[in-house]
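Colleague: I'm new to this one, and I'd like to learn how to read it. Could you put it up on the screen and walk me through it?

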Amino acid sequence: MKYTARIHVTLRPSILDPQGKAVEHAIATLGVQSVRNVRIGKFIELNVEGGSEAEARQRTEEVCRKLLANPVMEDYTVEIQKQ
Amino acid sequence: MRDGKLTFGVVVFPGSNCDHDAYYACKKVLGHEAVFLWHKEADLRGSDVIILPGGFSYGDYLRCGAIARFSPVMREVVRFAHAGGTVVGICNGFQILQEAGLLPGVLLRNASLRFACKYVRLRVENAESRFTSQCGAGDVLAIPIAHGDGNFFTDPDTLQRLEDNRQILFRYCESDGSVTEAANPNGSLANIAGIMNEQGNVMGMMPHPERASDPLTAHTDGQRIFRSIIAWVGEHALVPEETPGR
């Protein structure tokens, strides 16, 4: 069966995100005052085949661990949806 | 090694742009042999020292160095490193060594968010490594940096291990050797500019010693790093390939 995996890769909470900080400043400059804690990450979408949703998830997570995220600085979440 | 000359293998990835600088420093400035190693070829061609040069391998896609580590040549580089071979990663090469698991930590985006391209001063923290033996402890080297992602980071336990094992080779410092926040060009943890692995045979550094080697450039302190490697590898070549006349 074919599944679509949607992956978010985000900086771990302990890692400073200077990009997010710069965007936060820009938002304040826009005149919007109530926005805080901007964090910038990556969104990756891919198609994966598997006998079951669990198997598709397992394959996707393996790819995340080995390539898409660097565990020293990043966390990831995986969303699986049947096509 | 041949006639007292080492062979430096300079790996070329798509997007490497300091490969020729490294080749030039090894061959023309220091008078040793150098060969380019195309990343698709899983062959180190008898190199005594491997250099992963600076640049933007694979356009820094995904993360700096993340894709390069899957190149065929990297399997051989990892094998060479595990066998005790001398491996140097400069700038993007440092990032690749971390992604390949040969060095700890990561290099985050510069704290300033700006690409930093300038001369910095480095304090030699450990002058007993194969990469720094021709320096004195506390010596200050003038070597340029050119990077957007050089902000060294690791977890507190790993940092402690780096300190305890004397794996930190260089820290960003002032001209008088004092390690200050003002001298830190990218926000690196503990002003770390260069480290080696626990075994002491793999080094990564963000500054570019190959760009401070030719006497035509403003400084030649980079030569001291190459000369350290040459001295060490020359002395420790375990199995000479040829022993003519003996």
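Modeller: Let's start with overall shape. The radius of gyration is taken over C-alpha atoms, and the globule rule is 2.2 Å times the number of residues to the power 0.38. For chain B, with 246 residues, a compact globule would come out near 18 Å, and the chain has 17 Å, which agrees. Its C-alpha trace spans about 55 × 40 × 35 Å along the principal axes.

Colleague: Before we go on, what kind of model is this, and how do the labels work?

Modeller: It's a predicted model: local features need pLDDT of at least 70, side-chain atom pairs count only at pLDDT 80 or more, and totals for chains, interfaces and linings use all residues. Residues are numbered from 1 along each chain as its sequence is written, while chains are lettered from A and ligands numbered from 1 in the order in which they are written.

Colleague: What radius of gyration does chain A have, against a compact globule of 83 residues?

Modeller: Chain A has 16 Å, but a compact globule of 83 residues would be near 12 Å. The C-alpha trace of chain A spans about 50 × 25 × 15 Å along its principal axes.

Colleague: How do I read burial, and what share of the residues in chain A is buried?

Modeller: You count neighbours: a residue is buried if 20 or more other C-beta atoms lie within 10 Å of its own, exposed if 12 or fewer, and partly exposed in between, with C-beta atoms placed from the backbone. In chain A, buried residues make up 14% of the 83. In chain B, they make up 52% of the 246.

Colleague: Which strands does strand 10 of chain B pair with?

Modeller: First the rule: two strands pair if DSSP finds at least two bridges between them. Strand 10 (residues 192–196) of chain B is joined to strand 9 (residues 168–173) of chain B by three bridges, and the two run antiparallel. Here B:R171 stands opposite B:I192. Strand 10 of chain B also pairs with strand 11 (residues 202–205) of chain B, again antiparallel and over three bridges; there B:I195 has B:G204 as its bridge partner.

Colleague: Is strand 10 of chain B mostly covered or mostly open?

Modeller: Mostly covered: five of its five residues are buried. As a general idea, side chains in a regular strand alternate between the two faces of the sheet.

Colleague: Where do positive phi values turn up?

Modeller: One is B:G200, with phi near 85°, in the hairpin of strands 10 and 11 of chain B, which has five residues between the strands. Two others are in residues other than glycine. B:R166 has phi near 55° and lies in the loop between helix 4 (156–164) and strand 9 of chain B. B:R166 is partly exposed, because 13 other C-beta atoms lie within 10 Å. B:A190 also has phi near 55°, in the loop between strand 9 and strand 10 of chain B. With 14 C-beta neighbours inside 10 Å, B:A190 counts as partly exposed.

Colleague: Which residues touch the most other members in the largest nonpolar core?

Modeller: A nonpolar core is a set of buried Ala, Val, Leu, Ile, Met, Phe, Trp, Tyr and Cys residues joined through C-beta atoms within 7 Å. The largest has 69 residues, and B:V10, B:V11, B:I51 and B:I90 touch the most other members. Apart from it lies another core of nine residues, including A:A56 and A:Y76.

Colleague: How many residues from each chain take part in the contact between them?

Modeller: Two residues are in contact if their C-beta atoms, placed from the backbone, lie within 7 Å. The contact takes ten residues from chain B and eight from chain A. The side of chain B that touches chain A divides into six nonpolar, two polar and two charged residues. For those classes, Ala, Val, Leu, Ile, Met, Phe, Trp, Tyr, Cys and Pro count as nonpolar, Asp, Glu, Lys and Arg as charged, and the others, Gly among them, as polar.

Colleague: What does B:F153 touch?

Modeller: Leaving aside neighbours within four places in sequence, B:F153 is in contact with A:I15, A:M73, B:G105, B:V106, B:L108 and B:L189. B:F153 lies in strand 8 (residues 151–153) of chain B.

Technical notes. Helix = DSSP H or I, 4+ residues; strand = E, 2+ residues; numbered from the N terminus.
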